[in-house]
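Reader: I've got the model open and a few things to ask before I build on it. Shall we go through it together?

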Amino acid sequence: MMRDQYKNYFYVTIFASLTVTLLYCMAVYRWWPWIDTENCWIDDCMVRKEMLARGIGDRPKIVFGGGSGTFCGVRAEDVQKAFGIPTVNMALNAGLEIDYILSRLKGVLRKGDVVILPLEYEHFVYADKSSSYKISFVASCDREYFLGLPWRSRAKYVFSLIGFNRVFEALARKRPPRNARGTENCRAAFNQNGDLTSNVGKAAKFEPVGPLPLQQGGFTETYGLASIKDFSRWCRAKGIRCYVTYANSVRLKDYGDERYHTYFESLQNYFIKNDMAFIGTPYDFFFPLELFYDTGYHLNKDGVTLRTEQLIVMMRKMNIVPGPQRRFH
Amino acid sequence: MLFNSPLFLFLFLPSAVAVYLLLNCRGWFLLSKMWVVSASLLFYGYANVKYLPLISGSILFNYLVGISIGRCGTRNDIAGSRRKGILALGIVVNLVLLGYFKYTDFFLTNINNILNLHFSVLRIALPLGISFFTFTQVAYLIDAYKESTAESGFLNYALFVSFFPRLLAGPIMRYKEMSPQLGAVADKTVNYRNLATGIFLFSIGLFKKVVLARTCGDWANNGFEHAQVLTFIEAWVTSLSYSLELYFDFSGYTDMALGAALMFNFKLPVNFNSPYRAINIQDFWSRWHMTLSRFLRDYIYIPLGGNRYGDYKRYQSLLITFLVCGLWHGAGWLFIFWGFLHGVAMVVYHLWRKLNVRMNTFLAWILTFNFVNASWLFFRAKDWSDAVGVLKGMVGINGIKLPLSWSADLGFLSGRIAFTDGWLGATQRTWEIIFIIAGFLLLTLFGRNSNQTAEHFRPGWVAGLFTVSLLFVAFVCIFATDIPSKFIYVNF
């Protein structure tokens, strides 16, 4: 009798604890879009930008992709005027990480388009370790992408969401399904070309930046670089011309150091080796601090004008306009 | 492989237990022992395969030494001297091995500092659990010498030393505790009582480690990062968090070891008995890491003379024993100083006892607990200044400032007392942290400890719900963490 009780206890305990854990994980997986909607305004803004790009129809276009450094660094409107070709700034938030940004870009690109990627250095050195910010965003705001991930990545994502602290904090925020106010703010902040319009002068609070993060242990192909390489190949296969370039950043003394020269050179060699077209060198896109708005990646209106002019000159020199595919360096 | 890693929990342990019991059910006892030894070596080698030859060689060497001691017999003086010689050789080789891996860099660094020399430090990686398996085997050799209890079967001996539940951090076991269990056929069948009690105890240990120790550990780490500037409340939160972390971490490990061993029908000795309830330092050491205390008493304190040669000799033996205890924990002056503090406390306690003055129990507990709590600072700190920094904070030298997050509620105190946004002040959870620490402390003081709970264990809904809840919370915490946190004592 007693033996049976111990036996039942043993099996039931194991079964029940595993089942309860599994059910909890499944609940988080299923209901995360209702648990944490904190950053879904970003998705709304991306959807709005995608609508702008799709609105161009079948005409060839120039598309800028990247993080907020591009959103607050390039004026697509000026590029459109300079080349007379529809241009959209699709960039928004670097925190969503390069693999996600590029996968989202694929949805708006068509044969004959030109895509220019002025990327932050975080994208180049990005290892395949998704931030909790991105995971939460994807799990709640872009289910299509989330459900399309391989099951191992999905499991990894779910595991990073199930922490009790995380769930309770998200629940305590009591956000509505979509943060409507954030969405409106975002829509009002950009023009018909997807350019930021509110970065005038200097923000009240400026976040200083240190030197760019360098790869530990010398230059190797990171997950971020591999993602860019794959995207570049995908573009080529689809008849889209892809150019990698560098984000606008504050000019600092450190960039005169040998280690930075070496790193930038390695980066350039990597692009050449992998047949990836690129525009300029990192040194072309360092600007004085006074041209920045609220962080070391975000230019103010004057800075954007200057940076875009510079980019247009380089694009002219390289004859970058939508059309049949050629090889560039 | 760590007890709190998914690999161990969901693959290694279940398969190790299942195959062991299956082989035993078929009557293949030899094969089942070989299975456990292989599984244990896999468990050990998983972290770093290059130390597998070390532990295997150590097991083989000590087995041969034990056999040689046994074969010498005690017929005459020559045989006796030979036995002694072989024992001495065995102990020396073990200590040299331990010394090489654990103390070489410490020794070289000190030689360099004292004699202003420039020997390059070897940066030898410490093999996991070396202190534990070395002490286990030294004890075995001494017992083999004293009691002629050397094991004649290599497989039994290998299983005794390498048995994975206790390989990395004990409990430190004597061979005579394990040997009857190795032979008993009744212990080899599927015993659901042991399986149920084992999982019950294991779940308590797992919860202690991944929930309680982790929670306290985060606060302790935060505090030690700001050791030089801790205010009164922050310093107490830091020190108490560490005392609790260490207890939950190590006793959690031991509960898991006992629970896992029970699933194999092995009973390991208890290692903790609510140590923070101790009302004097001797009482503390009879409750904390009990198997190490027993080892130190039997193999160091008593051979040094113990209490047989008068008070002076006893105090000397106590001090030496605790210095060894400190050095055993780690190659560093802070560990030695921690051992020294406990040695001095022991001496003071014996001097006090001679006065025949009975101290109020609560006062005795306050003194003991605070001494233990303060001494852990030297155990934990990276350097002297960190330990002293936290101590200074605890006695109010850095100022008795309140966390900034309280300024709204305690605004009437502004002007009389300062508010600061130190690491604790910056969080909105200050009260929460203090209440949780107080709760954990009360739990360790007044709650049943895990061994008492396991003794009273009866299968039923209450125990079932309790276990499932512990495992569920622990599993979620494990899955939500990228890298399982290491057990503190595994590093020793």
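Reader: What is the mean pLDDT of chain A, and what percentage of its residues reach 70 or more?
Author: This is a predicted model, where local features need pLDDT of at least 70, side-chain atom pairs count only at pLDDT 80 or more, and totals for chains, interfaces and linings use all residues. Residues are numbered from 1 along each chain as its sequence is written, while chains are lettered from A and ligands numbered from 1 in the order in which they are written. With pLDDT being the predictor's confidence in each residue, from 0 to 100, chain A has a mean of 85, and the share of its residues at 70 or more is 90%.

Reader: Where in chain A is confidence lowest, by helix or strand?
Author: Helices (H or I, at least four residues) and strands (E, at least two) are DSSP runs, numbered from the N terminus. Strand β1 (residues 62-64) of chain A is at the top with 94.

Reader: How many residues of domain 2 of chain B are in contact with domain 1 of chain B?
Author: Chain B splits into domain 1 (6-189) and domain 2 (195-491), with bounds from an automatic or database domain assignment. Their centres, taken over C-alpha atoms, are 28 Å apart. Contact means C-beta atoms, placed from the backbone, within 7 Å; on that basis 27 residues of domain 1 of chain B meet domain 2 of chain B, whose own count is 24.

Reader: Which element gives the most to the side of chain B that touches chain A?
Author: That contact takes 20 residues from chain A and 16 from chain B. On the chain B side, the elements giving two or more residues are α9 (192-225) and α19 (461-479). The one that gives the most, with nine residues, is α19(B).

Technical notes. Contact = placed C-beta atoms within 7 Å.
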